[in-house]
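Visitor: I would like to learn how to read a model like this one. Where do we begin?

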Amino acid sequence: MFGIKISSDWNISENDTTAEEIYLNRRKFIKNVGKLGSNILAFGAFSNFLNPIQVSAENSISRKITTQNTKNLIDFQENITSENLTSRYNNFYEFGTNKADISFLAKKLKVGQWSIKVEGLVHKPKVLDVDKIIQAMPLEQRVYRLRCVETWSAIIPWSGFPLRELIKLSNPLSTARYVKFKTFIDPNIAPGQKNRFWEPWPYVEGLSMSEAMHNLAFLAIGMYGHQLNPQNGAPIRLVVPWKYGFKSIKSIESIEFVKDPPRTFWQTVSPMDYDFWANVDPTVPYAKWDQRFELPLGSEKKEKTMLYNGYAAQVRKLYS
Ligand code: MTE
């Protein structure tokens, strides 16, 4: 049985603790969701998060993940965005453009028996079974900020493992300079791919090899102590916390090692607005938005956006 490691240097400090009024507003927002018992649900999700949990069920991830350091999590209690919000306000364009509909529409995604193709500049292309990858990986829990280019933000506890572990397993050639990620394509289950057929599906994202090997680049298989919800990118998604959220590609089906920067979904849709790097930078307007401030989900008070989304100490050297 493996334990979850709670890492430290990128942890959100207590200085970032959500001010009481914001917290209260968030509680008010949760209440306003209007669903019977939603507060109880939110509490339930959090207490699960503190207790040893079973990650699996649906796709036979049978290991128990235990939290070794619950004190650390308790410090985050007021920081973490309620799962009621992060699971009901989603960007997953394969399922449409209305954030509130995604949790319902993404139920069609069949996340069991998922595999990832490893292709391109590798010693040996292969197809890896996601359950087997999860069994082999050192699982950790990481609480990261997520900053969407649309200027909303959240703080989410993810479970998963560093991307570099999968890269090591993939055994790329020394000529590989970039990693290209692709999401599934299936217009029969994803209405966005059917209705917006002219868009450049599948969703594609990419990182340079040095970014992909950075300790902060993470592959999530769970959140809030349970398996990922389909709307949040089950069964496996990327989380790159120092970049705008659109880089954190969901429901990954292929990882390809390439020589040149891959052209991403958003670069193809709108080349004037999006670039490959997309690092969070409050001094530069990005896409259609002024990026100086952000609105945490559930809050009514804007906060200042930080360079590299608050992870400058860890990632600045990648770009100097
Ligand atoms: N991945 C895929 N495959 N399709 C998408 O539309 N949207 C991105 C990113 N990953 C997206 C995706 C955007 S714009 C954001 S902000 C985050 O997912 C949102 O993640 P969340 O819904 O889990 O908060």
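**Reading the fold and the ligand site**

Guide: Begin with the secondary structure: the protein has eleven helices and 15 strands. Keep in mind that this is a predicted model.

Visitor: What share of the 320 residues is buried?

Guide: Buried residues are those under 20% relative accessible area. In this protein they make up 55% of the 320 residues. The accessible surface comes to about 14700 Å², and carbon and sulfur atoms hold 54% of it.

Visitor: How do I read contacts along the sequence?

Guide: Look at how far apart the partners are in sequence. Among contacts with a separation of 6 or more, 72% join residues 24 or more positions apart. Take Pro-162, in strand S7 (residues 152–162). Pro-162 and Pro-138 are 24 residues apart in sequence, yet their C-alpha atoms are 8.5 Å apart in space. Leaving out residues up to four places away in sequence, Pro-162 touches Pro-138 and Glu-140, among others including Asn-215 and Phe-218.

Visitor: Is Pro-162 buried or exposed?

Guide: The cut-off for buried is under 20%. Pro-162 has 3% relative accessibility, so Pro-162 counts as buried.

Visitor: Which residues come nearest to the ligand?

Guide: Of the 17 residues around the ligand, the nearest are Tyr-93, Glu-94, Arg-237, Ser-248 and Lys-250. Next, look for polar atom pairs. A polar side-chain atom of Glu-94 is 2.8 Å from a ligand nitrogen atom, and one of Asn-232 is 2.9 Å from a ligand oxygen atom. The protein buries 98% of the 530 Å² that the ligand exposes when taken alone.

Visitor: Which pocket does the ligand take up?

Guide: The ligand takes up the space of the largest pocket.

Terms used
Residues numbered from 1 in each chain as written. Predicted model: local features only at pLDDT ≥ 70, side-chain atom pairs only at ≥ 80, totals over all residues. Heavy atoms only, no water. Helix = DSSP H or I, 4+ residues; strand = E, 2+ residues; numbered from the N terminus. Buried < 20%, exposed > 50% of the residue type's maximum accessible area, 1.4 Å probe, protein only. Contact = heavy atoms within 4.5 Å. Areas by Shrake-Rupley, 256 points an atom, 1.4 Å probe, with all protein chains shown as cover. Near = heavy atom within 4 Å. Polar contact = N/O pair within 3.5 Å; in protein donor to acceptor, adjacent residues only side chain to side chain. 1 Å grid on protein atoms, 1.4 Å probe; cavity = no way out; pocket = protein on both sides within 12 Å on 5 of 7 lines; lining within 4 Å. Sits in = over half its atoms within 2 Å of the grid points.
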